[in-house]
Amino acid sequence: MSERTPTHRGPAPHAGGPPGGGLPTDELLALDREHVWHPYGPMPGRQAPLVVDSAAGVRLRLAEPAFGNDELVDGMASWWSAVHGYNHPVLNAAARGQLDRMSHVMFGGLTHEPGVRLAKRLVDVTPEPLRHVFLSDSGSVSVEVAVKMCLQYWRSVGRPGKRRLLTWRGGYHGDTWHPMSVCDPDGGMHHIWSGALPRQVFADAPPAGFDAEPDPRYAAGLRALIGRHAAEVAAVIVEPVVQNAGGMRFHSPGYLRVLREACDEHDVLLVFDEIATGFGRTGALFGADHAGVAPDVMCVGKALTGGYVSMAATLCTPRVARGISGGEVPVLAHGPTFMGNPLAAAIADASVELLLAGDWAGRVARIETGLREGLAGAERLPGVLGTRVLGAIGVIELDHPVDMAAATEAAVRTGVWLRPFGRLVYTMPPYVTDDADLALICRAMRAAAEAG
C-alpha cells in the first residue's frame, strides 16, 4: 500500500443504521471532544457543550437534562438567524418541495427559479438603487465579495490606487481575511493578525446612543478623515445603527447620513454590512432605513433563510456593476461552488415572504417593550455598567469580562439558552417569542449578569 493511500480507522458510528440518532449522550460527547472543533474554542474544548436533540418554536430540546431543564428557551435565535423560530411549517414545506425537485445545481452557465425569485425579492425590499444580487454561502463571504466588488470597480475605472477600506472602530464583519481587516484592530478578536492583514483606515467608534443627536465634532472628523484618504480609499464599510459582535453598541442613524454625504463628496463607495441588522432586528426592515439612505453595496445574511441553512447575498448598484463589467477583466472574479444553491434560495425566499406577510414590525416592537420592562433596574445589579435595548436586541453590560461558564449555567438553570461574550450578557431572540418566554429570557439575563 502506498504511503499516500488513506486508511480508515473503522466504521463511522451508525454505519448502516438510521441517520442522526441512537448514540448515547456520553459517547456522543466523547466523540465531540475528540474530533469536533467548535467556534471560538480550543481543541479539545474545555467545557462540554449541551446536546440538542430537536427544536421547535423557540425551544431547544436537550438529549439529557441540564441543571434540571430538558428544554431551553432560545434567547440567541441561533446567532440571530432563526427569526421565525424552529421547525416552522412554511419553511419546512419550502425545503421539502425544493428537495423533490433538486437540492443543488451549479450557478455557472445555469440558473433556476428559486435563485432568480430570491434575487428579485431582495431587490424589491432593499433600498433603491440596489438592483444586482450576488448570492454566496455565508455572511463573511458576502463581505469578501463586497470588498472585491469595490476594489475591482476602482481598478476597472482606471483608479487602482483606491484599494484601502475605511471604517470605524468597534466593528465586526466576519472571520475571513478582508472582513477581519475591518474588525476592531485593537479590542477585537482578530488583533492577533496585526501585521499580516491589510492595513485599513480607522475612525474612532461612533458616539453611543441610538436616540442621541449626532455629535457635530465627531461628524466633522469623520468627513475630514474620508477626505484625507479619498485618493486611496475604495470604500467605507460599517454596520448601520448597531455594532454587533464588536460590542452591541448602538449609534445614531445620523452618522449614516454623514457617511453617505462624505462618500458622495469624495467619490468613495459606501458599504453597509446588514448581516445582523437586516430583516427587522433593529425595528426597521434594514438599518439603512432608519437613516433614509442607501449604500452602494449591501451585505445580508443570518435571518435571510430563517436560520435553516447558510446563505448570504451582496447587493450593488448599477454604477458598481457597470464599472466592473466595463473593465479589463469584465467579470466579477468570484464564484462559490454552492452559489445560488436552490435549496437555500427556496427557503430564503419563503422566509422573507413569511416575514413580510406577517406583522414583523409589531412583533419586534412588542419584544422591544418586553425587553425594556424586563431589564428595567438591572443597571443597579452589582458589577453592571448599564443596559440598552433596540428593537429585538437587549443588552446588559458588565464592568468586567463575563465568566462564561458561570453566566451560562445561571441562564440554563433559569431555562434559557444565552451565549454571553466579552463584558456582555445579551439576547437577540426569535420574533415569535411570546411575552412569557421574553420575561423568562430577561430573568435569565439578570441571573447570568449576577453570576458572571
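Predicted model: local features only at pLDDT ≥ 70, side-chain atom pairs only at ≥ 80, totals over all residues.
**Exercise 1. The whole chain**

Solution: 
- Start with the make-up. The protein chain holds 14 helices and 16 strands.
- Along the principal axes, the C-alpha atoms fill a box of roughly 65 × 60 × 50 Å.
- Look inside. Of the 452 residues, 50% count as buried.
- Finish with the contacts. Take those with a separation of 6 or more; 70% of them come from residues 24 or more positions apart.

**Exercise 2. Helices α7 and α8**

Task: Work out how α7 and α8 are oriented to each other.

Solution: 
- Two packed helices are described by the angle between their axes and the distance between the axes.
- Locate the pair. Helix α7 covers residues 216-228, and helix α8 covers residues 254-266.
- Read the geometry. The angle is about 30°, and the axes lie 9 Å apart.
- Apply the cut-off. Angles under 35 degrees count as roughly parallel. Therefore α7 and α8 are roughly parallel to each other.
- The crossing of α7 past α8 is right-handed.
- Name the partners. From α7 come Y218, A219, L222, R223, I226 and G227. From α8 come Y255, V258, L259, E261, A262 and H266.
- Sort them by class. This contact has eight nonpolar, two polar and two charged residues.

**Exercise 3. Helices α13 and α14**

Solution: 
- Locate the pair. Helix α13 spans residues 404-414, and helix α14 spans residues 435-451.
- Read the geometry. The axes come within 8 Å and cross at roughly 150°.
- Apply the cut-off. Angles over 145 degrees count as roughly antiparallel.
- α13 passes α14 in a right-handed crossing.
- Name the partners. A406, A407, A410, A411 and T414 of α13 touch L440, R443, A444, A447, A448 and A451 of α14.
- Sort them by class. Nine are nonpolar, one is polar and one is charged.

**Exercise 4. Residue T317**

Task: Is T317 buried or exposed?

Solution: 
- Find the residue. T317 sits in the loop between β12 (312-316) and α10 (318-325).
- Take its relative accessible area, 4%. Buried means under 20%. So T317 is buried.
- List its contacts, leaving aside neighbours within four places in sequence. T317 touches P129, L130, H132, P295 and D296.

Key. Residues numbered from 1 in each chain as written. Heavy atoms only, no water. Axes fitted to C-alpha atoms, helices over the stretch in contact; angles between N-to-C directions. Helix = DSSP H or I, 4+ residues; strand = E, 2+ residues; numbered from the N terminus. Parallel < 35°, antiparallel > 145°, perpendicular 65-115°, else oblique. Left-handed = near helix turned anticlockwise from the far one by under 90°. Contact = heavy atoms within 4.5 Å. Nonpolar A, V, L, I, M, F, W, Y, C, P; charged D, E, K, R; others polar. Buried < 20%, exposed > 50% of the residue type's maximum accessible area, 1.4 Å probe, protein only.
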